[in-house]
Amino acid sequence: MNGSTNYILSRMEHEGVSYDEVINDARRLGYLEADPSADLEGYDARSKICILARIAFGVTVSDESLLYTVGITHVSSRDFQYAKGRGYTIKLIAKAQLLPGDGNDDCRRLECWVTPALVPLTNTMATVSGPTNCVEVSTARVGPQWYIGAGAGRYPTANSVVSDVLEAVDNCNTGIGFPSPYGRRQLDCQVEEDVRAVAYARVDNKEAVSKALKEKGVEIEEDTPEDVIMTKGPVSLSQLRETSPVIVMPVLD
């Protein structure tokens with residue numbers, strides 16, 4: 001969803017370049033703005049996934065700041081080293097999924113979040129490198145479909161901006177409005193503010209974090225390095241972050 005961060009993570013993975021060094025290269029190549037926080041902290045990807053949720057599901061996220069959002073600023077070569085040994089790479093993932101409601105009413109739930117995640121090397125998304133965007137659209141009848149293309153740099157950005165402006169003008173002239181299969185109808189939906197997933201955490205004090213998690217009833221793998229915690233089952237990432245790890249990432253299937 002963000003070509004700038006994908007470029008940074010790809011360089012860190014394949015060349016062993018430090019985060020600070022690749023940031024400077026990304027600025028020089030025009031992949032980052034003068035203030036890169038929107039890209040690096042995940043805010044750009046968050047805005048994009050909210051737009052896609054509106055198009056795909058007819059759901060408007062009224063306050064993006066409530067969504068679980070973590071950027072790539074704490075990802076290090078150590079994380080890539082461990083991930084590779086387990087058959088994963090690391091990508092900044094933005095996800096939106098419509099889920100059934102918890103009760104008997106018609107209100108459904110929207111799972112919507114942004115965070116770096118451990119992605120299996122067998123996943124198509126793991127093969128997408130450099131300043132490139134990748135979007136997976138998965139439906140019950142068709143299954144997953146992938147859309148991959150340039151996602152950062154002045155020319156791809158300018159092309160996207162001009163295309164969007166022309167489409168907006170055309171839609172206004174024809175009266176089509178927002179390009180959603182739901183039209184102007186809003187789906188009654190509850191937006192989830194947390195993420196539950198099998199999780200990886202890099203920690204400074206494994207003993208203290210492990211104790212805190214076990215007190216919460218969280219099962220963790222025992223045979224992991226002294227700076228790594230892997231949960232055995234899904235946990236609340238927000239609660240896991242309360243134990244003060246250096247970084248927390250979900251582990252995707």
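Colleague: Which residue does aspartate 25 form a salt bridge with, and how far apart are the closest N and O atoms?

Modeller: Arginine 28 is the partner, and the closest N and O atoms are 3.6 Å apart. Keep in mind that this is a predicted model.

Colleague: Where do aspartate 25 and arginine 28 lie?

Modeller: Both are in helix H2, residues 19-28. They sit three residues apart, about one turn of the helix.

Colleague: Is aspartate 25 buried or exposed? And arginine 28, buried or exposed?

Modeller: Aspartate 25 has a relative accessible area of 17%, so it counts as buried, the cut-off being under 20%. Arginine 28 is exposed, at 60%.

Colleague: OK, another pair. What does arginine 46 form a salt bridge with?

Modeller: Glutamate 64, with 3.7 Å between the closest N and O atoms. This pair links distant parts of the chain: arginine 46 is in helix H4, while glutamate 64 is in the loop between H4 and strand E1, 18 residues apart. Arginine 46 is buried at 12% relative accessibility, and glutamate 64 is partly exposed at 26%.

Colleague: Which strands do lysine 95 and glutamate 111 come from?

Modeller: Lysine 95 is in strand E2 and glutamate 111 in strand E3, 16 residues apart. Their side chains meet in a salt bridge at 3.9 Å, N to O. Lysine 95 comes out partly exposed at 30% relative accessibility, whereas glutamate 111 is buried at 15%.

Colleague: How many salt bridges does the count come to?

Modeller: The count comes to 11.

Colleague: Switching to domains. How is the chain divided?

Modeller: Domain 1 takes 3-150 + 182-193, and domain 2 takes 194-252. Their centres, taken over C-alpha atoms, are 21 Å apart. The contact draws on 21 residues from domain 1 and 20 residues from domain 2.

Colleague: What area do they bury between them?

Modeller: About 1800 Å², with 61% of it on carbon and sulfur atoms. On the domain 1 side, Tyr68, Tyr82 and Leu118 lose the most area to domain 2, together 33% of what that side buries.

Colleague: And how many salt bridges cross that interface?

Modeller: Three salt bridges are found between domain 1 and domain 2. There are also eight residue pairs in polar contact between the two domains.

Colleague: Which element gives the most to the domain 1 side?

Modeller: Helix H5, strand E2 and strand E3 each supply at least two residues of the side of domain 1 that touches domain 2. E3 gives the most, with seven residues. That side of domain 1 divides into 13 nonpolar, three polar and five charged residues.

Colleague: What about arginine 202, which residue does it form a salt bridge with?

Modeller: Aspartate 79, with the closest N and O atoms 2.7 Å apart.

Colleague: Last couple. Where does asparagine 123 lie, and is it buried or exposed?

Modeller: Asparagine 123 lies in the loop between E3 and strand E4, and its relative accessible area of 19% makes it buried. Leaving aside neighbours within four places in sequence, asparagine 123 is in contact with Trp146 and Asp253.

Colleague: And lysine 48, which residues is it in contact with?

Modeller: Apart from neighbours within four places in sequence, lysine 48 is in contact with Met1, Asn2 and Asn133. Lysine 48 is in helix H4 and counts as partly exposed at 28% relative accessibility.

Methods. Residues numbered from 1 in each chain as written. Predicted model: local features only at pLDDT ≥ 70, side-chain atom pairs only at ≥ 80, totals over all residues. Heavy atoms only, no water. Domains from an automatic or database assignment. Contact = heavy atoms within 4.5 Å. Buried area = accessible area lost by both parts, 1.4 Å probe. Salt bridge = Lys/Arg side-chain N within 4 Å of Asp/Glu carboxyl O. Polar contact = N/O pair within 3.5 Å; in protein donor to acceptor, adjacent residues only side chain to side chain. Helix = DSSP H or I, 4+ residues; strand = E, 2+ residues; numbered from the N terminus. Nonpolar A, V, L, I, M, F, W, Y, C, P; charged D, E, K, R; others polar. Buried < 20%, exposed > 50% of the residue type's maximum accessible area, 1.4 Å probe, protein only.
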